[in-house]
Amino acid sequence: MSVKSHSDIEKVATLEESGSILGVPSSALKWHQRLRNVGVESRGIRPIAMEDRTDGQYNRILFLWIAMSFNLLPFSAGTLGPIAFGLSVRDSCLVILFFNVLCCIPPAYFCTWGPKMGMRQMIQARFSFGKFGVLLPVVLNLIGMIGFCILSCILGGQTLAAVADYHLSWSVGVVIISLVSLLVSFMGYTVLHWYERLSWAPVIIAVLVALGTGGKHLSNPTPAAPATAQAVLSFASVMAGFVLTWSPLSSDFTCYMRPEAPSHRIFIYSYVGLLFPVVTLQCLGAAVAACLGNVASWQDGYDQGSVGGLLAAMLAPAHGFGKFLVVLLSLGLVGNVAATFYSVSLNFQMLMPFLIVVPRYIFSIIATAIVIPLSIVGAHHFYATLNNFLALIGYWASAFTIIILEEHFIFRGGKASSYDISTWNTARELPTGIASLGAGLLSLGLVVPSIDQVWFVGPIAKHHRRHWV
């Protein structure tokens, strides 16, 4: 990896961004330049040159992960333990704790690669899967990211509707959350980090007040049947899918940081920022869900507006201030959606490499146009979508993570210097990807027969289910 190779990359980038390669009308170029002048990031998937990795505020990544994780989505995932799998609060919390402690390690570790290599995460994956072989993981990553955006927008829309006593439709709420998220992701890296540094604090206040108004009900959960291995492992797969799917995005958020950034600090900030909000809110979600049947107002709120209605019911004793806090809870999802939109825009460029010259922010608009209608259509099937989606998406993310780590440690000795970044876009100098794709597909030979979900039960799972019963 040489500075000279990065300089060559930057020369091409400058020509493309100035319009010399785009061949677009001068009026469009003027608007593009104006947006860049006010701080909109136009850079897409090109590696960041060493001299341009100047961000020394390393604690930004801590606040970014907190903002992306401290919202209603992990709370909703935690409720699946008692509601979908019949687990007690104790068993749900143990699964949440142990599997998150393990599964938060890969995304936090991949964050340390951004400063060293200056590459977006799925561009780095080209060094394992090849320029064209990586398209399959990119497609799966896009499906996963858009799926999470849909879930978050549905949840935000339901919560805003609950604040307005359902005089505001879920669809309007979805549009509001989506457009606010678009605004943040449109601006790019700098504004995204600035917003995430601030957005999580009101959510923490809202959660603390909700505990104050409804915490007295959490001491009497509905008794649950003894946990089965089937229920524990199924819920564990949902928990793994929730955090492992951050791995294909991780270095997107750190690639502007200085090359000499201390890896241990980046890792600790990322790990703590992801683990503690997720575990706290998922355990809280499990505790609230286990008490749902004992509190009539909570049950009514849940029946009317799913998780959003439930939170509105918990905060109802605070009257007008409670409604204000519910609005803050719904807007807390913007931090998650905006960061995901940001990575979606980069993955669109990878999926269609000839669009590398199109500014990144255009794809944020496209992502929003995709998410809004799908969120509106799926709004009334939130829980089934959440459960099935999280269980399914974790399978490919696990295989992807292992393949990237094997490449890095076994074949490259764990050294960032072993990646010749000047070849990032040259297919003949990158691996063919046959080995990585083969390893990923072969893993399905064990995964698919072992799946035990509502939508599919494999033969191995059926065999063990008979023994568990």
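**Rings, a charge and a patch**

Modeller: Ring pairs link W65, W246, F253 and Y342 into a cluster. Rings of Phe, Tyr and Trp (its six-membered ring) pair if their centres lie within 6.5 Å; planes under 30 degrees apart are stacked, over 60 edge-to-face, and the rest tilted.

Colleague: Nice. What sort of model is this, and how are residues numbered?
Modeller: This is a predicted model, where local features need pLDDT of at least 70 and side-chain atom pairs count only at pLDDT 80 or more, while totals for chains, interfaces and linings use all residues. Residues are numbered from 1 along each chain as its sequence is written, and side-chain values use heavy atoms, with hydrogens and water left out.

Colleague: How many aromatic pairs are there by that rule?
Modeller: The count comes to 16 aromatic pairs. Take F85 and F235: the ring centres are 5.7 Å apart and the planes are at 50°, so this pair is tilted.

Colleague: Which parts does that pair tie together?
Modeller: F85 lies in helix 4 (residues 72-85) and F235 in helix 13 (residues 229-244), so the pair ties together parts 150 residues apart in sequence. Helices here are DSSP runs of H or I with at least four residues, and strands are runs of E with at least two, numbered from the N terminus.

Colleague: Are F85 and F235 buried or exposed?
Modeller: Both F85 and F235 are buried. Buried means under 20% relative accessible area, exposed over 50%, and partly exposed in between (1.4 Å probe, protein chains only).

Colleague: And what about F148 and F242?
Modeller: F148 and F242 make an edge-to-face pair, 6.1 Å centre to centre with 85° between the planes. F148 lies in helix 10 (residues 135-163) and F242 in helix 13, so this pair ties together parts 94 residues apart in sequence. F148 and F242 are both buried.

Colleague: Switching topic, what sits over the ring of Y419?
Modeller: The charged end of R412 does, 4.4 Å from the ring centre. The rule asks for NZ of Lys or CZ of Arg within 6 Å of the ring centre and within 35 degrees of the ring normal.

Colleague: Last one: how many helices and strands does the protein chain have?
Modeller: The protein chain has 21 helices and 2 strands, and buried residues make up 56% of its 469 residues.
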